[in-house]
Amino acid sequence: MNYSSIDVRPKSGSVGAEILGVNLKKEISSKQFNEIKAAFGQFGVIFFRDQNLTPDREIKFAEKWGKINVNRFFTNVSGYPKIAMVLKEADQKKNIGGAWHTDHTYDIEPAMGSMLFAHEVPQKGGDTMFASMYSAYDNLSTGLKNTLNGMKARHSSKHVFGKDRASRHDDTVGRIRNPEAANQDAIHPVVIKHPDTGRKALYVNPTFTLGFDGWTDAESKPLLDYLYQHATRPEFTCRFEWKPGSIAFWDNRATWHLAINDYQGEKRLMHRITIEGEKLY
Ligand code: SIN
């Protein structure tokens, strides 16, 4: 792909690219937007620097990509129900998203993508890692690809956001809410055909996938464990170091992400906007 209206700098050999030469505080041309869209498809996650958008401007940029999903579990930014807060206060030990996952796989029509806008970042640490589920799939043996192509998996939100979690009174209190809304379970193919790129991607994840459809959790575990360690091989990943004003926008159908919790005693505040998606096949 040749980009002429933006500068695209890949972050690793398999996933992620930084986009330069764009000012999201202003209207962008349709040529720029189409090239940003192409980069999103090609790299799975795109990054912008020094944008410092107001909440209204964050919503405006997000709405260019689709309908915003109003998050039912995260506390919203005051006055902005469309923006979820991903917050860790200096005195809180646990972070949100600290294990590999992709968002909303417990929904029957899972989110297409999520945007994170950095507002306050620690002096050091607090990076986010991304892994390519295209690379994970492409690098499996033909035999395992053939097996997985015929399979489906069960996903749930209950064990992560439901009442058992809420009643633990851990320090996610105040950041995670509405345990009664954790009533979603969904079944998706283990390998999806990406609705936009047509590429095959591995679509199970360590946080929300419970097991394979028709298999017990215990039967599923060894193969899921194998897939999870395979999918996070370093060569399938990239790591993004945040600065205030940075933005990441990831494709939930093509990547996983993990927020590194290595900044105890410091505050980190991000705004997150999630874009709705469609049923996957
Ligand atoms: C998330 O999982 O949505 C949060 C990622 C991050 O805070 O880096």
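## Strand S15 and its partners

Strand S7 (residues 113–120) and strand S15 pair in the antiparallel sense over 5 bridges. Strands here are DSSP E runs of at least two residues, and helices are H or I runs of at least four, both numbered from the N terminus. Two strands count as paired if DSSP finds at least two bridges between them. In S15, Trp 250 is the bridge partner of Ser 114. Strand S3 (residues 45–48) also runs antiparallel to S15, joined by 4 bridges. Here Phe 48 stands opposite Ile 247.

This is a predicted model: local features need pLDDT of at least 70, side-chain atom pairs count only at pLDDT 80 or more, and totals for chains, interfaces and linings use all residues. Residues are numbered from 1 along each chain as its sequence is written, and side-chain values use heavy atoms, with hydrogens and water left out.

Buried means under 20% relative accessible area; exposed means over 50%, and partly exposed lies in between (1.4 Å probe, protein chains only). In a regular strand the side chains alternate between the two faces of the sheet. Ile 247, Phe 249 and Asp 251 point one way from S15. Ala 248 and Trp 250 point the other way.

Strand S1 (residues 7–10) runs antiparallel to strand S2 (residues 17–20), with 4 bridges between them. Arg 9 faces Glu 18 across this pairing. The hairpin of S1 and S2 has 6 residues between the strands, and Gly 16 takes a positive phi near 90°.

S2 also pairs with S3, this time parallel, through 2 bridges. Ala 17 stands opposite Ile 46 there.

## Ligand site

The residues around the ligand are Val 86, Gly 97, His 101, Leu 116, Thr 128, Trp 250, His 257, Ala 259, Arg 268 and Arg 272. Each has a heavy atom within 4 Å of the ligand.

Taken alone the ligand exposes 260 Å², and the protein buries 100% of that. Accessible areas come from the Shrake-Rupley method with a 1.4 Å probe; for residues, only the protein chains shown count as cover.

## Nonpolar cores

The largest nonpolar core has 31 residues. Such a core is a set of buried Ala, Val, Leu, Ile, Met, Phe, Trp, Tyr and Cys residues joined through side-chain atoms within 4.5 Å. Met 133, Leu 148, Val 190, Leu 202, Val 204, Phe 212 and Leu 227 have the most contacts inside it. Several elements each supply at least two of its residues, among them strand S8 (128–132), helix H4 (142–149) and strand S16 (255–259). Helix H7 (217–231) is another of these elements. H7 gives the most, with 5 residues.

Contact means heavy atoms within 4.5 Å. Leaving aside neighbours within four places in sequence, Val 204 is in contact with Ala 153, His 155, Val 190, Thr 209, Leu 224, Leu 227, Tyr 228 and Trp 256. A second, separate core has 30 residues, including Val 8, Trp 65, Met 115 and Ile 247.

Asp 127 lies in the loop between S7 and S8. At 8% relative accessibility, Asp 127 counts as buried. Its side chain makes a polar contact with the side chain of Arg 239, at 2.9 Å. A polar contact is a pair of N or O atoms within 3.5 Å; within protein, one must be able to donate a hydrogen and the other to accept it, and residues adjacent in sequence count only if both atoms are side-chain atoms. Beyond four places in sequence, the contacts of Asp 127 include Phe 240, Trp 242 and Leu 258.

Ser 156 is found in strand S9 (residues 152–156). It is buried, at 4% relative accessibility. The side chain of Ser 156 reaches the backbone nitrogen of Lys 158 at 3.1 Å. Asp 225 sits in helix H7 and is partly exposed, at 34% relative accessibility. Asp 225 and Pro 206 are 19 residues apart in sequence and 8.3 Å apart in space, C-alpha to C-alpha.
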